[in-house]
Amino acid sequence: MAYSWGIGSCTTKFKPKYAAFFNYLIHNFWLYPNYGIARQPQFVFAEKVDAMVKVHVFNRSGELVGPIDAPRAELSDEEWQRQLTPEQYQIARDKGTERAFCGTLLDNKQQGVYACICCGLPLFSSDAKFNSGTGWPSFFQPIAAENVAEERDASYGMIRTEILCARCDCHLGHVFEDGPSPMRLRYCLNSASLKFTPSTDLAALADPLAG
Ligand SMILES: [Zn+2]
C-alpha cells in the first residue's frame, strides 16, 4: 500500500501498511503520552480585520528588531498559486500536512532562521530546534511570540492548536504541550511552509520597514 497520508512526492522507506493510523499514533500518543491536554490558543487573530500587525523583523545589519507595525500580506489565491509551488500552496495556503520524515528541513542542523515561505516573516531560530522524533521539524519556541499566531483546530476529530504566520495567515503546523523543558512546547512544522536562511546571511531577510 502506498504511504498516502500527507502531501508530497517523498520516496521514504517508511511505508507501513496502515500508514495513516500509524502516523496518528506516532504523532499523538506513542512518543507523546502527555498528548490529550489541548493547548489553548495564546495569541489569536483578535484584530484580524486590521490591516496592520505588530511583528519582529530583521534589519539590514541582520539584527532582529521590533515589534514594528507592518501591513498584513494579503494576496488572492491566484497570486499565492503563482508565487508558490503546488506542494507549498497545498500546505501553506490550504492547511495541508507534508508526509512525516519527508520534509526538506527536518534534518537541517545549520545555524540560521526559518522564515515564512509566503511572506518572508522570520518565524523560528535554529537555536530552538530539537529532534522530536515525530518526523516533522520541531521547535520549542518561536523567534518572537508576535510572529506566530494560534487558532483552535477541530479538524480530523482532534482538538489541536494550529499555528500560522501572523502577517499572512500561512499555515505552519500545530503546537503541542509536550515539548522539552523548560518551555514544554513542541511547535510541529511543515518544511514546505518555511524558507531557511543561514545565520551568515540574515541581512538578506531585511525588512524595508526596519530601517
Ligand atoms: Zn507569512
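Two strands are taken as paired if DSSP finds at least two bridges between them, and strands (E, at least two residues) and helices (H or I, at least four) are DSSP runs numbered from the N terminus. In this sense, Thr 161 stands opposite Val 175 in S9. The structure is a predicted model, in which local features need pLDDT of at least 70 and side-chain atom pairs count only at pLDDT 80 or more, while totals for chains, interfaces and linings use all residues. Residues are numbered from 1 along each chain as its sequence is written.

The average pLDDT (the predictor's confidence in each residue, from 0 to 100) is 86 for the protein, and 77% of the residues score at least 70. The pLDDT is below 50 over residues 29-33, a stretch that has seven contacts in the model beyond near neighbours in sequence. A contact here is a pair of residues whose C-beta atoms, placed from the backbone, lie within 7 Å. Among contacts between residues at least 6 apart in sequence, 63% join residues at least 24 apart.

The protein has three helices and eleven strands, which follow the pattern α-β-β-α-α-β-β-β-β-β-β-β-β-β along the sequence. Of its 211 residues, 35% count as buried. A residue is buried if 20 or more other C-beta atoms lie within 10 Å of its own, exposed if 12 or fewer, and partly exposed in between, with C-beta atoms placed from the backbone.

Six strands form an open sheet with antiparallel pairing, in the order S5-S6-S10-S9-S8-S7. Strand S5 (129-130) and S7 are the edge strands, each with a single partner strand, so one side of each has no neighbour in the sheet. S5 is joined to strand S6 (residues 138-139) by two bridges, and Lys 129 stands opposite Phe 139 in S6.

His 171 in S9 is the bridge partner of Leu 164. Five residues lie between the strands of the S8 and S9 hairpin, in which Asp 169 takes a positive phi near 70°. Four bridges also join S9 to strand S10 (residues 186-189), and the two run antiparallel.

Six of the six residues of strand S9 (residues 171-176) are buried, so this strand is largely enclosed by the rest of the structure. Val 175 lies in S9 and is buried, with 24 other C-beta atoms within 10 Å. Its bridge partner in S10 is Tyr 187. The C-alpha atoms of Val 175 and Arg 186 are separated by 5.5 Å, although the two residues are eleven apart along the chain.

The loop between S9 and S10 contains Pro 180, which counts as exposed with 12 C-beta neighbours inside 10 Å. Leaving aside neighbours within four places in sequence, Pro 180 is in contact with Phe 130 and Phe 140. Pro 180 and Ser 132 are 48 residues apart in sequence, and their C-alpha atoms are 8.9 Å apart.

An open sheet of three strands has the order S4-S3-S11 and antiparallel pairing. S4 and strand S11 (194-198) are its edges, each with a single partner strand, so one side of each is left without a neighbour in the sheet. Five bridges join S3 to S11, and Gly 112 stands opposite Pro 198 in S11.

The largest nonpolar core has 42 residues, of which Ala 115, Cys 116, Leu 123, Cys 165, Cys 170, Leu 172 and Tyr 187 touch the most other members. At least two residues of this core come from each of strand S1 (52-58), helix H3 (86-92), strand S3 (112-116), strand S4 (122-125), strand S7 (148-153), S8, S9 and S10. Such a core is a set of buried Ala, Val, Leu, Ile, Met, Phe, Trp, Tyr and Cys residues joined through C-beta atoms within 7 Å. Cys 116 is in contact with Leu 121, Leu 123, Cys 165, Cys 168 and Cys 170, leaving aside its neighbours within four places in sequence.

Definitions and conventions
Contact = placed C-beta atoms within 7 Å.
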